[in-house]
Amino acid sequence: MADMTTADAATDGCCAPEQQAACCEPSAKADCCEHAEGCGCDAGATSTQAKDVREQVKERYAAAARAVAERENPGSSCCGPAVATTDASEQQVFGGALYESDEAADAPDSAVQASLGCGVPTAVADLKAGETVLDLGSGAGADVLISARRVGPTGRAIGLDMTDEMLELARANGAKAGAENVALHKGYIEEIPLPDASVDVVISNCVLNLSGDKPKVMREAARVLRPGGRFAISDVIADEDMDDATRADMQKWTGCIAGALTRAEFEAALTGAGLVDIEIHESHRVHDQAASAIIRARKPSGARA
């Protein structure tokens, strides 16, 4: 297993590509870059906000990883979970309890129980022997290791995470599983450190809603997919009437709720990324204003590689 770091994006025109993506709708890009100063759409402020979200998410999930490590190696401290896995009525809506026994059997129990996801994307990704799978925000490695078993020795499972502590857990879990067809990379899901058209399937488990630039994540996923490749994730979708206070609550954002897109917003972002055959199926409620859902789409077979 190897780490990979990402280089800073080069600037292009009036501002960096990620700022162009954040500051304007695709149809407004040309007008955006005609401005002499900045991008004309508060790109700098938007970019700063996205970075603030990223840092808060990283801090919280690093704490979650440390809590898992301390449970397995007690003695250093006593901590509660950094990320809640139950709803207001104490029902389990996130985490390893969502995996059926046959699904969990493909990864060490330590990886499954450390999961902070809202579903089981590998159950609906229709993985086949020999495929290359990319897990965005791979955490402690449960879905990567399940994928590795499903695609077999001729396939490959790649995990991408920005948190050193989670990557350390995933490496330990990979060693327990004896996985030889797994690669773990350090990086951001908004800047996937892989070549164009290099994977067959992109999966993710309750991670896209943590990004400060979700449309960019979907464009990146489409970029690395091969023509005909599949996008199959579990994520949280917000009700259309989610109140502003919930959306603005950063604590809930880093806990998988306030950063969620609505169904319509998800469909628009996936379509904007060039993906087709979009399916969104709600699986269970995680909040009185949000639900977990399975979200699937496909890169057109005739798309440029």
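Me: Which residues touch the most other members of the largest nonpolar core?
Reply: They are Leu134, Leu136, Val202, Phe231, Phe266 and Ile295, out of 31 residues in that core. A nonpolar core is a set of buried Ala, Val, Leu, Ile, Met, Phe, Trp, Tyr and Cys residues joined through side-chain atoms within 4.5 Å. The model is predicted: local features need pLDDT of at least 70 and side-chain atom pairs pLDDT 80 or more, whereas totals for chains, interfaces and linings use all residues. Residues are numbered from 1 along each chain as its sequence is written, and side-chain values use heavy atoms, without hydrogens or water.

Me: Which element gives the most to this core?
Reply: Helix α8 does, with five residues. Helices (H or I, at least four residues) and strands (E, at least two) are DSSP runs numbered from the N terminus.

Me: What makes strand β4 largely enclosed by the rest of the structure?
Reply: Seven of the seven residues of β4 (residues 199-205) are buried, so the strand is largely enclosed. Buried means under 20% relative accessible area, exposed over 50%, and partly exposed in between (1.4 Å probe, protein chains only).

Me: How do you know that β4 and β5 pair?
Reply: Two strands pair if DSSP finds at least two bridges between them. Strands β4 and β5 (residues 225-238) have six bridges, in the parallel sense, and therefore qualify. In β5, phenylalanine 231 is the bridge partner of valine 202. On the way from β4 to β5 the chain passes through α8 (residues 214-224), and this β-α-β crossover is right-handed: with the strands pointing away from the viewer, the path from the first strand over the helix to the second runs clockwise.

Me: What makes β1 and β4 a pair?
Reply: Strand β1 (residues 132-136) and β4 have four bridges, also in the parallel sense, and leucine 134 stands opposite valine 202.

Me: Why is serine 138 called buried?
Reply: Serine 138, in the loop between β1 and α6 (142-151), has a relative accessible area of 6% and is therefore buried. Serine 138 touches residues including Val144, Gly159 and Leu184, where contact means heavy atoms within 4.5 Å.

How values were computed: Lists of a residue's contacts leave out its neighbours within four places in sequence.
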